[in-house]
Amino acid sequence: MAGVTDGVFRSICRSFGAAYTVTEMVSAKALTLGDIKSKELMALSDSERPVGIQLFGNDPAVMAKSVAEALPFQPDFIDINMGCPAPKIVKIHSGSYLLRDPYHAGEILKAVVNAASGIPVSVKMRTGFDEGSKNYVEMAKILEANGAALIAVHGRTRERMYMPPADWTAIKEVKRSVGIPVVGNGDVFSPENAKRMYEETGVDLIMIGRGALGKPWLFKQINEYLSTGSYSPTPDNEARMQMMLKHAKMICEARGENHGMFDMRKHALWYTKGIRGSNRLRNQFSTVKTLSELEALAEAVCKQK
Ligand SMILES: Cc1cc2nc3c(=O)[nH]c(=O)nc-3n(C[C@H](O)[C@H](O)[C@H](O)COP(=O)(O)O)c2cc1C
């Protein structure tokens with residue numbers, strides 16, 4: 001998730017049992033122009049492996065060139081974004097725009113697979129560009145034919161953005177129509193939901209986005225539920241605040257306190273979401289500047305009645 005799943009968050013999710021993680025989407029064009037910030041998005045550490053670098057773009061040649069920029073970071077795989085609905089991405093004919101032209105999407109994939117020197121290439125897609133042009137089975141088949149190692153399907157068209165519910169039937173149809181592994185994505189927020197997605201769609205893995213925001217332990221709970229039928233209770237307020245502070249320390253170590261605490265604000269709001277009485281502290285969480293300020297806020301949250 002752009003702006004969210006940096007190396008620190010990926011490591012945390014992995015430590016709670018996520019099977020693999022993927023970087024924020026990285027602009028292929030920016031990489032080929034030598035953009036430093038885009039390169040920084042590809043920095044990987046062993047604690048997050050297996051991890052993929054996600055690229056977005058529209059031009060097969062540029063996408064192939066960007067793979068050469070990505071490979072030195074030693075990703076376990078390359079992922080291509082064919083699902084992003086954001087207007088600024090669609091405007092440059094990338095992300096979910098590629099669903100409008102499956103043949104061209106296949107050409108992009110082929111170019112990336114050729115450039116990837118044997119490293120697997122996966123694709124993240126939606127079910128179609130708009131409700132009138134759902135072409136997920138056609139897309140999936142073309143992607144498989146052009147060398148995709150795995151397809152992750154977010155069960156929504158671009159038109160539906162994030163509107164619930166996600167279409168799990170479409171995910172099931174994709175799973176039935178290709179032989180490569182299929183990952184189901186959309187609206188998994190609990191262990192029960194995760195199990196239901198496996199049962200209803202037959203997917204090989206499920207992908208979790210928003211459900212992990214401020215709740216990285218969800219991966220552990222899901223794995224426990226799938227293997228034993230029960231799962232550890234959601235951490236109490238004190239344990240949640242401890243996890244938040246651990247996350248904050250990791251971010252500050254990686255990026256320095258100024259930058260780190262700025263990036264931490266949104267995570268802090270997610271970690272405290274729903275905690276009784278934390279509402280009146282939300283303004284302070286959203287402007288917190290130092291680790292010690294955050295520690296004081298965490299203490300105040302724990303004292304809430
Ligand atoms: C803030 C935010 C940023 C996202 N950035 C990306 C991205 O960079 N690449 C991508 O493939 N999907 C991205 N997504 C989409 C998610 O990966 C996922 O497909 C979507 O949120 C549905 O899954 P969920 O219901 O588990 O959240 C993003 C979603 C959110 C909310």
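A residue is called buried if 20 or more other C-beta atoms lie within 10 Å of its own, exposed if 12 or fewer, and partly exposed in between, with C-beta atoms placed from the backbone. By that count E293 is partly exposed, because it has 14 C-beta neighbours inside 10 Å. The legends below use these words throughout.

This is a predicted model, in which local features need pLDDT of at least 70 and side-chain atom pairs count only at pLDDT 80 or more, while totals for chains, interfaces and linings use all residues. Residues are numbered from 1 along each chain as its sequence is written.

View 1. Welcome to the overall layout: the chain is divided into domain 1 (7-228) and domain 2 (237-303). These bounds come from an automatic or database domain assignment. The C-alpha centres of domain 1 and domain 2 lie 29 Å apart. Five residues from domain 1 and eight residues from domain 2 take part in the contact, where two residues are in contact if their C-beta atoms, placed from the backbone, lie within 7 Å. The side of domain 1 that touches domain 2 has three nonpolar residues, two polar ones and no charged ones. For these classes, Ala, Val, Leu, Ile, Met, Phe, Trp, Tyr, Cys and Pro count as nonpolar, Asp, Glu, Lys and Arg as charged, and the others, Gly among them, as polar.

View 2. E293 is found in helix α14 (residues 291-303). Helices (H or I, at least four residues) and strands (E, at least two) are DSSP runs, numbered from the N terminus.

**View 3. Helix α1, a mostly covered helix.** Helix α1 spans residues 7-15, and eight of its nine residues are buried. The buried ones are G7, V8, F9, R10, S11, I12, C13 and R14. What lies over them? The cover of the buried α1 residues includes β1 (21-22), β3 (51-56), α10 (218-228) and α11 (237-255). After α1 comes G17, whose phi is positive, near 105°.

View 4. Strand β3 is largely enclosed by the rest of the structure, because six of its six residues are buried. V51, I53 and L55 point one way from β3, while G52, Q54 and F56 point the other way. Two strands pair if DSSP finds at least two bridges between them. β1 and β3 pair in the parallel sense over two bridges, and V22 stands opposite G52. Strand β2 (residues 26-27) also runs parallel to β3, joined by two bridges, with S27 opposite F56. Four bridges join β3 to β4, again in the parallel sense, and here Q54 stands opposite D79. Together, β3, α4 and β4 make a right-handed β-α-β unit. Right-handed means that, with the strands pointing away from the viewer, the path from the first strand over the helix to the second runs clockwise.

**View 5. Backbone features in the loops.** Some background first: most residues other than glycine have a negative phi, and most peptide bonds are trans. The peptide bond from R49 to P50 is cis, with omega near -5°, and P50 sits in the loop between α3 (36-40) and β3. P164 and P165 are also joined by a cis peptide bond, with omega about -5°; look for P165 in the loop between β6 (150-157) and α8 (168-177). Q74, a residue other than glycine, has a positive phi near 55°. Its place is in the loop between α4 (60-70) and β4 (77-82), and Q74 is partly exposed, with 13 other C-beta atoms within 10 Å. S117 is not a glycine either, yet its phi is positive, about 50°. You will find S117 in the loop between α6 (102-115) and β5 (121-128), where it counts as exposed because it has 9 C-beta neighbours inside 10 Å.

**View 6. The shell around the ligand.** Which residues are closest to the ligand? Of the 20 residues that surround the ligand, the closest are M1, A2, M25, G209 and R210. A residue belongs here if its C-beta atom, placed from the backbone, lies within 6 Å of the molecule. By class, the shell has seven nonpolar, nine polar and four charged residues.
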